[in-house]
Amino acid sequence: MASPPRGSVRVRHGTSHVALLLITVLLLSSARLSLGASRRLLELYKPPASARLTYHNGAVLQGRIPVSIIWYGRFTPAQKAVVTDFLQSLTAASQAPTPSVSQWWNTINQLYLSKARRGSSANGAQVALAGQVSDEACSLGKRLTLAQLPRLAARAGPKKGGIALVLTAQDVAVEGFCMSRCGLHGADARAGTAYVWVGNSATQCPGQCAWPFHQPLYGPQAPALVPPSGDVGMDGMVINIASMVAGTVTNPFRDGFYQGDKDAPLEAATACTGVYGSGAYPGFAGNLAVDRATGASYNANGARGRKYLLPALFDPATSTCSTLV
């Protein structure tokens, strides 16, 4: 594929949540595209056995990271609250009981950001919800190409050092969605901004992008877990948002923390795709906490009593997946 224009940096990541039979590990990795801004895709990938996740001396996102959301298509207020509460849970100020979302975020600071050599911040990274924009009418149509995602991200008005979060509704089709990816993240090096796209897979491919809250498309057909919010699509989106944001802050411009080929890297969370609790293996998400009242499975407490399921994070020092439970 052609290289991106000078000044552009492409970032990829993904965590599709499908445990496939007969394949030891299925990982979402990004593939580079020849588009104006840098981006990384969530795609299935099996890394070489000798690959190691290392730091490549580039920039990471630290300090205050403003996140702006553009809701593309129709989302109910309850659905939006699932995501906004998650973002607000990333800060220690959420005061949620352990294991918590902020504890998961602090693991990123400890394992990655504190090891970066450029622009290091004693306080790591703090996510702040900077604004929200809605496009319920789907002004660009309900079939989007990857080239249109940076345009949507720009509408969110991301600030330098910040992230634009592009979220598409369940009736919006995005190029490659479900077929090879559940989301992606990219960046514009000149502007110093990054963006993340994640789609709601509820009616398109919940077995791929909302597993383990839906039976997988392939592999062992164990019963699906109960989603914490009661909405399979939205809880699946949170998993992918968490994975993409983790990759964005640790490898925003393709020269930070990653494993393997820089044009198809595995990152902080995508290197542990399908792992959520201790004892996980392909087809089994791991040993998780279960809410006694609802029967929902989760591994992190959030703001306002929310519960979430978050991906494990790869520990570069031990080459193992670090889980909250």
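Q: Which elements do the buried residues of α1 pack against?
A: This is a predicted model. In it, the buried residues of α1 pack against β5 (63-72), α2 (101-111), β6 (125-135), β8 (163-168), α5 (232-250) and β16 (307-308).

Q: Which residues of α1 are buried?
A: A residue counts as buried when its relative accessible area is under 20%. In α1 the buried residues are Gln79, Lys80, Val82, Val83, Thr84, Asp85, Phe86, Leu87 and Ser89.

Q: What span does helix α1 reach from its first C-alpha to its last?
A: Helix α1 covers residues 77-89, which is 13 residues. Its reach is 18 Å, close to the 18 Å expected at 1.5 Å a residue.

Q: How many aromatic pairs does the structure hold?
A: There are eight aromatic pairs in the structure.

Q: Why is the pair of Phe177 and Trp197 edge-to-face?
A: Planes over 60 degrees apart count as edge-to-face. The planes of Phe177 and Trp197 stand at 80°, with the ring centres 5.5 Å apart, so this pair is edge-to-face.

Q: Which parts does the pair of Phe177 and Trp197 tie together?
A: Phe177 belongs to the loop between β9 (173-174) and β10 (183-188), and Trp197 to strand β11 (residues 193-199); the pair therefore ties together parts that are 20 residues apart in sequence.

Q: Is Phe177 buried or exposed, and what is its relative accessible area?
A: Phe177 is buried, with a relative accessible area of 6%.

Q: Which residues form one aromatic cluster?
A: Tyr55, Tyr112 and Phe257 form one such cluster.

Q: Which residue lies over the face of Tyr298?
A: Lys307 does, at 4.6 Å from the ring centre.

Notes. Residues numbered from 1 in each chain as written. Predicted model: local features only at pLDDT ≥ 70, side-chain atom pairs only at ≥ 80, totals over all residues. Heavy atoms only, no water. Phe/Tyr/Trp six-rings, centres within 6.5 Å; stacked < 30°, edge-to-face > 60°. Helix = DSSP H or I, 4+ residues; strand = E, 2+ residues; numbered from the N terminus. Buried < 20%, exposed > 50% of the residue type's maximum accessible area, 1.4 Å probe, protein only. Lys NZ or Arg CZ within 6 Å of the ring centre and 35° of its normal. Expected span 1.5 Å × (residues − 1). Contact = heavy atoms within 4.5 Å.
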